[in-house]
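Visitor: I would like to take a close look at one part of this model, and then to see how that part sits within the rest. Could you guide me through it with some care?

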Amino acid sequence: MSGVSHRIDRYGVVFDDEGLVADAGLLAAGTLMDRLGLEGLVDRVVQLRGRVGGARPGRKVLTLVAGMLAGGSHIDHVDLLRAGSTGRVLPHRVMAPSTVGTFLRSFTWGHVRQLEKVLTVSLGRAWRLGAGPPKKGVTIDLDSTICEVSGKAKQGAAYGYTHKLCYHPLLAFRADTGEVVGARLREGGSQRGVVHFAKETIRRARRAGARGPIRVRADSGFWAYAMLAGLDQLGVGWSITVPLNAKVRATIAAIGEGAWTDIDYPEGGVAQVAETTLEMINSKKRSERRKVRLVVRRTRLIGPQAEFWPNWRHHREGTTNLLLLSVVGRLRPARDRCSSSTAAVVP
């Protein structure tokens, strides 16, 4: 490094070549935006007339989308779309960060709902172009995530199991493609809004063109009597993680040894499954009850490693057309401890 100039402060790095594109991958995204007619769709559906910053919402929404695709996490980051010739590969005019900020501040909850309509229509257009689910059906994965924020004044942020201030948005994906088919930023976490979100996602998939059977998979944050009732009403098969409690532990412990059936497992271990029934009670109306089919999968090591884990361990196993329950831990009487991680699937 002896050749490095000691006057390095005289040099600066700039991106000023008009022929360069900062994120050339935006060309594919821009082509899709154009094919789906997204700018015109947003202009027609999102009505912000009379509000400050409400004119031409299509180009502002697409500027935000393109900025996020390029890795932006703040409003100021959309400025990278104006570097070099990057804006020329996009089918819309790139808006300045200050313009985008004014636009977002004009939003109400009703305008967010209008954007959700844009999602439904654009999803239908994409599926009709050949990206739709097969006739044999589609599986939709529901989940929530955490997005840490800075500053306690962030509206809707809350503390969760991470003990950090975060947003807790709900997300829905097509299992076969990873395509996002639903998103909702909610206030707080836990089970807030999950039933309504799940039902809206199913209806959106139907309106977008899903004609075959729909199956839903989710973790324990979506386990609720109202959720199961809602999915059954829509004719949807489901696979939802069950929070472990004393009743579930007792159900597992009551499975007889003769009920277990061997299944394939990698060399060095054995695995078995067994079936039973779990009764659910509606906590809001205890007279309402239902029984669901329950399948438990357990595994155990064999050979030299068995002395380290000599007992059965119970694991999650995703499957369709069955109700699945899995537990991490040993199969013991109900009074003993088990993990809180379980899963379920119904026909």
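Visitor: Please begin with E39: does E39 count as buried or exposed?

Guide: This is a predicted model, and every value that follows is computed from it. E39 counts as buried, because its relative accessibility is 17% and the cut-off for that class is under 20%. The side chain of E39 meets that of R59 in a salt bridge, with 3.8 Å from N to O, which falls inside the limit of 4 Å used for such pairs. The two residues belong to distant parts of the chain, since E39 sits in helix α2 (residues 38-45) and R59 in helix α3 (residues 57-69), 20 residues apart. R59 is buried as well, with a relative accessible area of 15%.

Between these two helices runs a loop, and R56 lies in that loop between α2 and α3. R56 has a positive phi of about 50° although it is not a glycine, and at 43% relative accessibility R56 counts as partly exposed. As background, most residues other than glycine have a negative phi. Another residue of this kind is H163, a residue other than glycine whose phi is positive and near 60°. H163 is found in the loop between β3 (158-159) and β4 (165-167), and with 68% relative accessibility H163 counts as exposed.

Helix α3, which holds R59, is also the place of M68. M68 is exposed, with a relative accessible area of 56%, and together with V65 and L69 it forms a nonpolar patch on the surface, the three having about 290 Å² of accessible area together.

The bridge between E39 and R59 can now be set beside others, for the count comes to 15 salt bridges. One of them joins E200 and R184, with the closest N and O atoms 2.7 Å apart. Because E200 lies in helix α6 (residues 194-208) and R184 in strand β6 (residues 180-184), this pair ties together parts that are 16 residues apart in sequence. Both E200 and R184 are buried. A further bridge is formed by E279 and K247, where the closest N and O atoms are 3.7 Å apart. Here E279 lies in strand β10 (residues 269-281) and K247 in helix α8 (residues 246-253), so the pair ties together parts that are 32 residues apart in sequence. E279 is partly exposed, with a relative accessible area of 29%, and K247 is likewise partly exposed, with a value of 37%. Through shared partners, salt bridges also join R113, E116, R184 and E200 into one network.

Leaving aside its neighbours within four places in sequence, L142 is in contact with L171, A172, F197, A198, T201, V216, R217, A218, D219 and F222.

The cysteines call for a separate word, because a disulfide is a covalent bond between the sulfur atoms of two cysteines. The structure holds zero disulfides. For C147, the closest cysteine sulfur is that of C166, at 7.7 Å, which is too far for a bond, given that a disulfide needs the two sulfur atoms within 2.5 Å. C147 is partly exposed, with a relative accessible area of 35%, whereas C166 is buried, with 2%.

To place all of this in the whole chain, there are eight helices and 14 strands, and of the 347 residues 39% count as buried. Among contacts in the chain with a separation of 6 or more, residues 24 or more positions apart account for 57%. The chain exposes about 19700 Å², of which carbon and sulfur atoms supply 52%.

Terms used:
Residues numbered from 1 in each chain as written. Predicted model: local features only at pLDDT ≥ 70, side-chain atom pairs only at ≥ 80, totals over all residues. Heavy atoms only, no water. Buried < 20%, exposed > 50% of the residue type's maximum accessible area, 1.4 Å probe, protein only. Helix = DSSP H or I, 4+ residues; strand = E, 2+ residues; numbered from the N terminus. Patch = residues over 30% accessible without salt bridge, like charges linked within 9 Å, V, L, I, M, F, W, Y side chains within 5 Å. Areas by Shrake-Rupley, 256 points an atom, 1.4 Å probe, with all protein chains shown as cover. Contact = heavy atoms within 4.5 Å.
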